[in-house]
Amino acid sequence: MSGSTHLVALGTIVRREIMRIMRIWTQTLIPPAITMTLYFVIFGKLIGSRIGTMHGFTYMQYIVPGLVMMSIITNSYGNISSSFFGAKFGRFVEEMLVSPMPNWVILLGYVTGAVARGVIVGALVLVIALFFTDLHVAHPIVTFLSVVLGASVFSLAGFVNAVFAKKFDDIALVPTFVLTPLTYLGGVFYSVDLLGEPWHTISLANPILYMVNAFRFGVLGVSDVPIVTAFVVMLVFVAGLTAVALRLLTRGVGLRS
């Protein structure tokens, strides 16, 4: 296949994924918006008024970047895991595998669609947050890169989950027992500097901590971890998960029957 043919194939997958997101927008966009609104009301307004400031910002301002990033990574993960498993379930993933389309085009198409959903939901949550507090983006480039990398990491992780999943229940296991605990322990609602040992050191092993703080640095200009370290961690995960996903596609693990 030529380069132009690759672009057509990539564009087809991405377009299908975005059309899927928009077609069922009441399931893909509205629920996370409602959930985050409740977080803003309960944690930001009710609890935040009793906590006071954190790192020089109101509690509402401090948790907004964390909640936005939480919505981005959960929706990116959920989109690709359900979509690619649906392709397996419908057996049309086999048609893509036997076509001249390279594996990297398949992977990039699904990841791009998942990142798009994460970005759309994140933007929607950020707009809702502006009804509760004032925000001024301190570092736009850092903000953009942290969103793309964070969404990419969990899109790739969701892809790997979908490859190994044998039934729809397997799709829900990782978000419930892995993703949710890591998110709540990733500094979304608090600064890890407040934690004593050994919990502070343990928290540093949580990849979501680096994504949340990279985005928080981009928006507010404050972070619990060095920003360079945060980006190195995200890049390592992107590279590692990409290699794993391409290897699984090449071998056809869980895809060919």
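**Figure 1. Overall dimensions of the predicted protein chain.** For 257 residues, a compact globule would have a radius of gyration near 18 Å, and the 19 Å of the protein chain therefore agrees with this expectation. The radius is taken over C-alpha atoms, and the globule rule is 2.2 Å times the number of residues to the power 0.38. Along the principal axes, the C-alpha atoms occupy a box of roughly 60 × 40 × 35 Å. The model is predicted: local features need pLDDT of at least 70, side-chain atom pairs count only at pLDDT 80 or more, and totals for chains, interfaces and linings use all residues. Residues are numbered from 1 along each chain as its sequence is written, and side-chain values use heavy atoms, with hydrogens and water left out.

Figure 2. The protein chain contains eleven helices and two strands, where helices (H or I, at least four residues) and strands (E, at least two) are DSSP runs numbered from the N terminus. Their order from the N terminus is α-α-α-β-β-α-α-α-α-α-α-α-α. An unreviewed UniProt entry annotates residues 23–252 as "domain: ABC transmembrane type-2"; such annotations may be inferred rather than shown by experiment. This span is 77% helix and 2% strand, and its end C-alpha atoms are 30 Å apart.

**Figure 3. Packing of helix α4 against helix α8.** Helix α4 (residues 59–89) packs on helix α8 (residues 168–184) at an angle of about 165 degrees, the axes being 10 Å apart. Axes are lines fitted to C-alpha atoms, for helices over the stretch in contact, and angles run from 0 to 180 degrees between N-to-C directions. The two helices are therefore roughly antiparallel (angles under 35 degrees count as roughly parallel, over 145 as roughly antiparallel, 65 to 115 as roughly perpendicular and the rest as oblique). Residues of α4 in the contact (heavy atoms within 4.5 Å) include Met70, Tyr77 and Phe85, and those of α8 include Phe168, Pro175 and Leu179. By class, the contact has ten nonpolar, four polar and no charged residues (Ala, Val, Leu, Ile, Met, Phe, Trp, Tyr, Cys and Pro count as nonpolar, Asp, Glu, Lys and Arg as charged, and the others, Gly among them, as polar).

**Figure 4. Packing of helix α10 against helix α11.** Helix α10 (residues 207–220) and helix α11 (residues 227–251) pack at about 130 degrees, with axes 9 Å apart, and are therefore oblique to each other. Pro207, Tyr210, Met211, Ala214 and Phe217 of α10 meet α11 residues including Ile227, Thr229, Phe231 and Phe237. The contact residues comprise eleven nonpolar, one polar and no charged.
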